[in-house]
Amino acid sequence: MLKNDLILKAARGEKTERVPVWLMRQAGRVLPEYRATRSRAKNFVEFVKNPELACEVTIQPVDILGVDAAIIFSDILVIPEAMGLPYQMIEAKGPWFEKTIKTKADVDALHIANAGDLDYVMQALKLTKQNLNNRVPLIGFAGAPWTIFAYMIEGSGSKTFSKAKQFLYTQPELSHLLLDKITQSTINYLKGQVASGADMIQLFDSWAGVLSPDHFYEFSLKYISKICDAIKPLVPVTVFAKDAHYAVNRISQINCNTIGLDWTINPAEARKAAGGKTLQGNADPCLLYADEKTIVAEASKMLDAFGKQSYIANLGHGLYPDLDKEKVKFFVEFIKSYKA
Ligand code: 1CP
């Protein structure tokens with residue numbers, strides 16, 4: 001039995017005695033402890049593949065920041081790798097794939113991943129679950145199919161993902177074929193994560209915002225919805241589609257528990273659109289550069305606007321590496337102390 005299951009209760013719409021909080025990228029460079037562990041691995045990919053090191057950095061923010069959940073340290077890019085496209089993480093630049101998807105033959109050559117192909121993630125989850133000792137829930141995750149597709153076509157990060165979008169406009173059928181393969185792989189992977197100890201799942205559609213609304217519904221939300229149908233019967237599911245604020249109502253109609261929000265949407269508007277679903281978010285990560293007085297004022301506004309129930313406090317995207325760990329801790333403590 002979990003000692004602190006506030007996040008799971010909030011996701012299910014059950015009453016919680018206070019607002020729970022965790023932070024995207026809570027395991028990351030903002031913690032000197034993370035940097036120390038990371039330096040013991042040869043490179044990022046090896047780090048991700050080492051269950052002992054992954055377990056260590058997953059638990060660090062629970063101990064140091066006092067957050068109400070752990071999120072397994074891994075990356076969304078393990079799926080392209082398991083399907084046949086290995087990646088490197090280039091220092092200060094980001095991901096880089098030597099092979100990308102250009103033709104139908106490339107799509108046909110991709111393997112549909114199963115949980116066994118990602119055994120290192122399963123081992124990391126099992127070890128973390130054991131070491132967390134039921135203190136807080138363990139969140140598993142995957143990239144949403146569109147975001148994974150975007151990296152597979154582009155071969156790296158991008159501001160516009162114009163090559164990936166070109167693919168949608170010029171080869172829609174092949175795009176659907178690829179999205180379907182990614183979706184099947186992701187469902188297998190997430191079922192494995194749940195079997196290995198993940199108490200809830202978050203889907204990251206980090207590049208939803210580069211799509212037009214019609215393309216978001218056709219090439220992204222449709223596949224997110226399939227994943228939710230497969231996973232929600234097992235554990236609560238959160239959908240975080242960054243910069244798709246216009247779509248909150250449409251997202252509320254799929255089989256998810258929680259909608260993750262970035263900071264560009266007003267909490268009251270999101271509440272109106274969300275049809276009673278739990279909401280998560282949405283402080284601007286840059287708020288944590290401000291002084292404590294400003295953090296208290298802005299965080300209070302956010303908490304009041306969302307209301308204290310069916311709500312999980314978080315940032316609107318990941319922590320930036322140059323944020324001060326003490327400010328991050330202050331934000332978490334303030335939310336935990338906030339009374340209705
Ligand atoms: O060593 C380092 O600090 C490198 C930075 C880093 C970290 C800490 C990367 C490289 N990945 C991760 C871990 C990670 N990635 C986690 C687990 C830790 C946690 O959240 O506490 C998670 C959930 C992710 C998910 C992820 N990876 C996303 C979706 C979330 C988001 O931020 O939008 C994306 C887009 C990635 C790709 C990725 N991995 C790393 C970088 C620099 C990027 C983005 C590259 C780009 O801009 O395109």
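The model is predicted, so local features require pLDDT of at least 70 and side-chain atom pairs pLDDT 80 or more, whereas totals for chains, interfaces and linings use all residues. Residues are numbered from 1 along each chain as its sequence is written, and side-chain values use heavy atoms, without hydrogens or water.

Begin with the chain in cartoon view: there are 15 helices and 9 strands, taken as DSSP runs (H or I, at least four residues; E, at least two) numbered from the N terminus. Its radius of gyration, 19 Å, is close to the 20 Å that the globule rule gives for 340 residues, so the chain is as compact as a globular protein of that length; the radius is taken over C-alpha atoms, and the rule is 2.2 Å times the number of residues to the power 0.38.

Next, display the salt bridges, of which the structure holds 15; each is a side-chain nitrogen of Lys or Arg within 4 Å of a carboxyl oxygen of Asp or Glu.

Select arginine 29 and glutamate 91, whose closest N and O atoms are 2.8 Å apart. Arginine 29 sits in the loop between helix H1 (6–11) and helix H2 (32–38), and glutamate 91 in the loop between strand E2 (87–90) and strand E3 (94–97), 62 residues apart.

Finally, select aspartate 243 and lysine 242, another salt bridge, at 3.0 Å between the closest N and O atoms.
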